[in-house]
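These are my notebook entries on one structure. I set down what I looked up, entry by entry.

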Amino acid sequence: MDAPVYYQCQRCTNCCRWPGFVKVDDADIRAIAAHLGLGEHDFIQRFTRLRPQRDGLALIDQPNGECIFLEGRDCAVQPVKPEQCAGFPNTWNFPGWREVCEAVPI
Ligand code: SF4
């Protein structure tokens, strides 16, 4: 059987600009709040919103739709970015993702 291919992110930041929701779970909230030097409640109030299904929280966007933590081509919470961000495109992706993501197989 072939070894699974791992795709290495090239930091093109396309996935930081797509419309949609970046889910954050309890572990994400704990890690990002600590990284920013905020209490968890404060972080939730300032940087999250309820998801449309009302089944959890997601990060808020910048007015132009980019992720609230995208700064130029950098992620302000890169060492502790949400699981959803860290996993793409290896643990989850969608049909046609190769056309919009510059990650390369290694
Ligand atoms: S779209 Fe792909 S290559 Fe670009 S930042 Fe996201 S995961 Fe990395």
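Entry 1: I call a residue buried if 20 or more other C-beta atoms lie within 10 Å of its own, exposed if 12 or fewer, and partly exposed in between, with C-beta atoms placed from the backbone. Helices are DSSP runs of H or I with at least four residues, strands are runs of E with at least two, and both are numbered from the N terminus.

**Entry 2: the source.** I noted that this is a predicted model, in which local features need pLDDT of at least 70 and side-chain atom pairs count only at pLDDT 80 or more, while totals for chains, interfaces and linings use all residues. Residues are numbered from 1 along each chain as its sequence is written.

**Entry 3: the buried side of H1.** Which residues of H1 are buried? I listed Asp28, Ile32 and Ala33. After H1 comes Gly37, with a positive phi near 70 degrees.

**Entry 4: the whole chain.** I counted three helices and seven strands. Along the sequence the pattern reads β-β-α-α-β-β-β-β-α-β. Of the 106 residues in the chain, 16% are buried.

**Entry 5: the core.** The core has 11 residues, among them Val22, Ile32, Phe47 and Val77. Helix H1 (26–36) and helix H2 (40–47) are the elements that give two or more residues to this core. Leaving aside residues up to four places away in sequence, Val77 touches Ile32, His35 and Phe69; contact requires C-beta atoms, placed from the backbone, within 7 Å.

**Entry 6: a sheet.** In what order do the three strands of the open sheet stand? I read E2-E4-E3, with antiparallel pairing; strands pair if DSSP finds at least two bridges between them. E2 and strand E3 (48–50) are at the edges with a single partner strand each, so one side of each has no neighbour in the sheet. E3 and strand E4 (residues 57–59) pair over three bridges. Thr48 has Leu59 as its bridge partner in E4.

Key:
A nonpolar core is a set of buried Ala, Val, Leu, Ile, Met, Phe, Trp, Tyr and Cys residues joined through C-beta atoms within 7 Å. Two residues are in contact if their C-beta atoms, placed from the backbone, lie within 7 Å.
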